[in-house]
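Visitor: I have a model open and would like to learn how to read it. Can you walk me through a few features?

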Amino acid sequence: MDFTPTEDRRMIADSFRRFLADKFPAERRNEIAYEGACHDADAWAGLAELGILGALVSEEDGGFGGAGFDITTVFEEAGRALCPEPLLGNLLALRLYAAHGKADRVEAIIAGAEKAAFGFDETDSFGDLAEISAKADGDTLTGRKTVVYGGQAADWLLVAAKTAAGKLGLYEVKASDAEVLSYPMIDGGGAAEIVLDKTPATCLSDDAEAAIEAALDAGRLALCAEAVGAMDVLKDMTRDYLMQRQQFGRPIATFQALQHRLVDFSIEIEQARSIVIYAAGHMDADERALAVAKAKNLIGRAGKLVAEECIQMHGGIGMTWEYAGSHYAKRLIMIDHQLGDTEDQLRKVMALTDISVAA
Amino acid sequence: MDLNYTPEEEAFRQEVRDFLKENLSEELATKVRNGRELNKQDMESWHATLQSRSWLAVTWPAEYGGPGWDAVQRHIFDEELALANAPRTVPFGLAMLGPVLIKFGTEEQKATILPRILSGEDWWCQGYSEPGAGSDLASLKTRAVRDGDHYVINGQKTWTTLGQFADKIFCLVRTSTEGKPQQGISFVLVDINTPGIEMRPIKLIEGGFEVNEVFFTDVRVPVSNLVGEENMGWTIAKYLLGHERTNIAGVGASSEALNQLKALARKVKRNGAPLAKDPLFAAKVAEVEIDLEAMRLTNLRMLFGSSDAQGSVSSMLKIKGTVIRQAINDLSRRALGPAAAPFPSEEVIGNYGVAPAEAATNAANYFNNRKLSIFGGSNEIQRNIITKETFGA
């Protein structure tokens, strides 16, 4: 057993951390995160050049990473910097393109030349791929995909839709062929509604459910790692604030009521870090879905605790837009809304470890 | 990153399993699994079994009769013993006094005392807490006054676990009132049969007897029974408390308790179906299981030395480990519904059969294990330790 990151991953983390600190100081981050396409073309080109996108795909699929720990390395840093760029959408797309042998598209995305997003949720299908109603008809798709992460800045849209045979298929749509309604999200970064009405589409697979689940698990793992990065930073900000803020003639860090609360959420951050390592280590194992569901359940609980406690312990300042900590808190809360929340994950754990059946 | 044990570590695990299969009687394991009280002979015979393989004093170096294991081996050993429902070894001589003597004792103390711990000739107990000195241990008042070649001890110790079986007690006593309270404390060894010592049992919340009060009235102890130097007892006490932390999270024991909880939930019925089918109950079990999975990894991260904050991580593990264990105990009690109520006497368990035999003590164990977050440095004291590290104060 060994919990030290490899030299390569340490280098990626270091260089990405420096890059993000340079490109996205708090104020600039908020400009990008809430305006226009919620995306900075220069920054995207820079992170492609750094190899951040290539790290998300295995060597045999055209990248140079792709393991669970590669994903967590990248996204933990993204979380530390609240990176607003459409990394999640492109991760999902990359994993799906790779799974379907679309080497040219993988290459273009890794190079930063093209961007993609994956539309799966519909307003009536949250939490259950079987409820998807978007449908393929010959070479066209009809339906509507909601809150498509990175959809606002994508050249290509991957879409999960029902095949004529009633299976879950995977299709590629040129973004300019679809109606794309873009918006920023409350915690920064962009998404879009994708409206498809007999829109031309290319079928990548007419039975893609397993590949989609695998890609979504990669996305869940990424979100978990992102949360750990954000929690680490928010904890440090809160600790520093408690030491600096004076009330009743002394730093509020000297009050045991606050000390113990900080300890309690710090313990949950360590638990969160542990479960992310566990999930990353099981990405290629049979227990992948269970490990990821466990991780995202715990992350959802820990993220909410850390976010709410940190706002509270900052007092009024934690409520302000100007203070960077509030944006970390928002991100932590909203991560739970992406790719299945705490309860969704718990239901999955319960289904996969049915305790009414002896092991 | 590599989450796998080495083939050597796996082979060691198998060796432990084989040993347990051969040497842990079904009778004793059942007693542990069913949460029944172990008597002195149960514990002594289990110690002897482990010692037959030199696997008793797991933290001692080989030259003193320990197996010479590293932290990972000790972890595997603890985990396998817990999963097999082996009794936990009594820690006072093995995990506490032994390491203290190896570090601070004279050659003579080591030569005379350590072998008697291994052989079971001496059962040690601990004299630390006092009625007025719990979390604030340094405020202890039991006095040891020098009189020629003896100390004369007066005062009272409390929460002395299994003192009723003990031959000897190691004590923190005040030998000076000068300076800070921590500076006037000494660590002395006392024969329990010395005139002037009285041991009184304390009945606990669930009705059991495991802790005692110990009264000292003009108890004369040879000065040669001092460990280390006079007034350096606090250093020794801190060493003792910080010594053996690999098993502080109790991952193995909680895993086994969770296995039993699930088995119980399949057995008992609620609303016409096995309790395990109730999604509200199953959700609570799943949540604890997730927390335990994370803690298993946190524990391994500490063991394999990756953590940058070893000290506070062990305090974190103490807090989280006890909270998780208590949550499992809570669910195990609730799983029984009204059947948790009978006071678990031999007759009730043996003849009435209200609850399954393996669960008849679940309510008692729930109450008893509220101690987990209180002893060994209360969870609030652990939070203070972590705070010190966090704020660097």
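Predicted model: local features only at pLDDT ≥ 70, side-chain atom pairs only at ≥ 80, totals over all residues.

Guide: Residues are numbered from 1 along each chain as its sequence is written, with chains lettered from A and ligands numbered from 1 in the order in which they are written.

Visitor: Which residues touch the most other members of the largest nonpolar core?

Guide: A nonpolar core is a set of buried Ala, Val, Leu, Ile, Met, Phe, Trp, Tyr and Cys residues joined through C-beta atoms within 7 Å. Buried means 20 or more other C-beta atoms within 10 Å of a residue's own, exposed means 12 or fewer, and partly exposed is in between, with C-beta atoms placed from the backbone. Here the largest core has 211 residues, and A:Val159, A:Leu221, A:Ala295 and B:Val188 touch the most other members. Helix 7 of chain A (residues 209-244) gives the most to this core, with 16 residues. Helices (H or I, at least four residues) and strands (E, at least two) are DSSP runs, numbered from the N terminus.

Visitor: Where do the buried residues of helix 13 of chain B fall, seen down its axis?

Guide: First the general idea: an α-helix has 3.6 residues a turn, so residues three or four places apart point the same way. In helix 13 of chain B, the buried ones are B:Gln382, B:Arg383, B:Ile386, B:Thr387 and B:Thr390. They fall within an arc of 145 degrees (of the directions from the helix axis to the C-beta atoms), so they line one face of the helix. After helix 13 of chain B comes B:Gly392, with a positive phi near 60 degrees.

Visitor: Which residues other than glycine have a positive phi, and are they buried or exposed?

Guide: Most residues other than glycine have a negative phi. A:Lys198 sits in strand 7 (residues 190-200) of chain A and is exposed, with 11 other C-beta atoms within 10 Å. A:Phe248 is in the loop between strand 9 (246-247) and strand 10 (250-251) of chain A; A:Phe248 is exposed too, with 8 other C-beta atoms within 10 Å.
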